[in-house]
Amino acid sequence: MKKLDEIMELMTDEMEDFKVAILKLEQLSKQLCDLSIPIGTEALDKNLNSFLEKQKQENSLKDEVLKNIDKKLKHARIIPNYLLILVCSLGIISLSLLGYFGYSLIARQNDKFELYQIFTETNNEKYQEYLLKNPEIEDDFIQWLEEKNKHCHDN
């Protein structure tokens, strides 16, 4: 009997706990019914429109950044200005030097030709006398004569 009394006591305790749990469940069910959120198209449209507006703003910011980048790329230079100025300056100096050396070469050849004419018109003694006075010209003159003779024989 003792065991039966113990089992009965346990059952009554369990039933009371079960009854409390059911009451709690009913209360939560009522709260859920009272708190239910009606899902309507208006709420969805409102949320969707706000999301789309945010997306549109972000896209316009991205488009503006991309336009700025595109504008910068259109005006960008591959060669920096200072390098361009340096190359142009070197080109001008090179052309000037070529012009100067070309002019001095032509002037030197004209001097040699005049010297050649003078030598052919004068006799051999004056030629020897002039070359003795200016020995630095003699080598150039002999070389020029040899080139002139080669050129005449080639043609």
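A residue is called buried when its relative accessible area is under 20%, exposed when it is over 50%, and partly exposed in between, with a 1.4 Å probe and only protein chains considered. By that rule Lys112 counts as buried, because its relative accessibility is 17%. This is a predicted model, in which local features need pLDDT of at least 70 and side-chain atom pairs count only at pLDDT 80 or more, whereas totals for chains, interfaces and linings use all residues. Residues are numbered from 1 along each chain as its sequence is written, and side-chain values use heavy atoms, with hydrogens and water left out.

The protein chain holds five helices and zero strands, giving the pattern α-α-α-α-α along the sequence; helices (H or I, at least four residues) and strands (E, at least two) are DSSP runs numbered from the N terminus. Of its 155 residues, 5% count as buried. The chain exposes about 15100 Å², of which carbon and sulfur atoms supply 61%, the areas coming from the Shrake-Rupley method with a 1.4 Å probe.

Lys112 belongs to helix 3, which covers residues 81–121. Apart from neighbours within four places in sequence, Lys112 is in contact (heavy atoms within 4.5 Å) with Asp140, Phe141 and Trp144.

Glu6, by contrast, sits in helix 1, residues 2–35, and counts as exposed because its relative accessibility is 51%. Together with Asp5, Glu9, Asp13, Glu14, Glu16 and Asp17, Glu6 forms a negative surface patch. Such patches consist of residues with over 30% relative accessible area and no salt bridge, like charges being joined within 9 Å; a salt bridge is a side-chain nitrogen of Lys or Arg within 4 Å of a carboxyl oxygen of Asp or Glu.

How values were computed: Patch = residues over 30% accessible without salt bridge, like charges linked within 9 Å, V, L, I, M, F, W, Y side chains within 5 Å. Lys, Arg positive; Asp, Glu negative; His and termini not counted. Charge placed at Lys NZ, Arg CZ, Asp CG, Glu CD.
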